[in-house]
Amino acid sequence: MTMADFKNLEYIDDKLKFINQVKLPLAEEYIITDNYARIAEAIERLEIRGAPAIGVSAAYALAFSVKNKLDNFEAEFEKAYERLHRTRPTAVNLFWALNQIKEVFYSAPEKGSSPYLSLIERAREIHRADSEKCDMIGKKGIEIFKKKSVVITHCNTGALATAGDGTAFNVIRHGFKKGLVEFVYADETRPLNQGSRLTAFELEKAGIPFAINSDSTAGYLMQQGKIDIAVTGADRIALNGDSANKIGTYSLAALCKMHNIPFYIAAPTTTIDTGCEDGSRIKIELRDKKEINRFGSHLITKEEYDVYSPAFDVTPAEFITGIITEKGLHLPPYKF
Ligand code: MRU
């Protein structure tokens, strides 16, 4: 598989096909389903992950909930909506996409007939639009590179995290193609290693020279003058620019500020929460202690020790140089 023909999410034979990201990069296993509960489970387990990919797959899942129903559509639809709604709390793309499908469901003219075709059509539109947004982000984002740059990134923001070629990753990829990016440091992104497993895999496929570093190495790299610029994705952006992203992003941005290194966020406008004034209102997901006290299935500390494992943190707007969306580069004060 090359990344050029790789699609994270595919609508095939009226089902959703997705790669199981938990198994990557050591195994490439695909799951094909039209069962909304299976997709909900995949989102919870991070078999599907990354804010835009979560949104697109949830849209398909909600449409599938009424696929083979002959009547009583509303009860099944509402049950599926609730199930999908509680899979992950931070990425706003999930709620945005679910509400898009809900809007179509409740605006369907004929109450007695199946709304499935209208719902699946909307899910496919959301899918196509996400891919187009990735293209625009990648093309417009390269203006952040003022010279041939060494980039640091955190978590995974490429094809695996979206329905297209990625957000921050696509900016890096376009920068590399134009000769503006020469090397990438990929934070490993503890505890689930989206950086060392997924971003490294995508960098390899894109032919971009890179090294994986432990998250705590970022400051040392900056101190040595080895980093020119940082770019990451986001799971939810508040109207003032405060941005939630994978835990460790705030530390990275704070280090950038201290070392005078520009720090950018790249995300589609579907990641902007228009109902959220600032980052203090963003709900942060807490994850299971097993993701911290084990390496794989191997226990590395005492089971009885408490664990605190937020999946995301919020980077204050004043630590962010600019935010790239499909509309272009936004600079503070933000007016999205
Ligand atoms: O817990 P994850 O792997 O879903 O977290 C993903 C991230 O934090 C990404 O950086 C974010 O969703 C942007 S994806 C384009």
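This is a predicted model: local features need pLDDT of at least 70, side-chain atom pairs count only at pLDDT 80 or more; totals for chains, interfaces and linings use all residues.
How far does a polar side-chain atom of Gln194 lie from an oxygen atom of the ligand? The distance is 2.8 Å.

**Where the ligand sits**

You'll find the ligand in the largest cavity. Two elements each give two or more residues to the shell around the ligand: helix 2 (51-64) and strand 9 (243-246).

**Who is in the shell**

There are 18 residues around the ligand, and the ones that come nearest are Arg49, Arg88, Asp235, Asn245 and Lys246.

| Residue | Protein atom | Distance to a ligand oxygen atom |
|---|---|---|
| Ala51 | polar backbone atom | 2.8 Å |
| Gln194 | polar side-chain atom | 2.8 Å |
| Asp235 | N or O atom in the side chain | 2.8 Å |

How much of the ligand's accessible area does the protein cover? The answer is 100% of the 410 Å² that the ligand has on its own.

**Some backbone details in the loops**

Now for the chain itself. Which form does the peptide bond from Leu24 to Pro25 take, cis or trans? That bond is cis, with omega near 0 degrees. Pro25 belongs to the loop between strand 2 (15-19) and strand 3 (30-33).

Another cis peptide bond runs from Arg190 to Pro191, and its omega is near 5 degrees. Pro191 is placed in the loop that links strand 5 (181-187) and helix 7 (194-206). Gln194, whose side chain has a polar atom 2.8 Å from a ligand oxygen, turns up again here, as helix 7 spans 194-206.

Last stop: Asn72. Its phi is near 50 degrees, a positive value in a residue that isn't glycine. Look for Asn72 in the loop between helix 2 and helix 3 (73-85). Helix 2 is the one that also gives two or more residues to the ligand's shell.

Definitions and conventions:
Residues are numbered from 1 along each chain as its sequence is written. Side-chain values use heavy atoms; hydrogens and water are left out. A residue is near a molecule or strand if one of its heavy atoms lies within 4 Å of it. A polar contact is a pair of N or O atoms within 3.5 Å; within protein, one must be able to donate a hydrogen and the other to accept it, and residues adjacent in sequence count only if both atoms are side-chain atoms. Accessible areas come from the Shrake-Rupley method with a 1.4 Å probe; for residues, only the protein chains shown count as cover. On a 1 Å grid over the protein atoms alone, a cavity is a set of points where a 1.4 Å probe fits but cannot get out, and a pocket is an open set with protein on both sides within 12 Å along at least five of seven lines; lining residues have an atom within 4 Å of a point. A molecule sits in a cavity or pocket if more than half of its atoms lie within 2 Å of its grid points. Helices (H or I, at least four residues) and strands (E, at least two) are DSSP runs, numbered from the N terminus.
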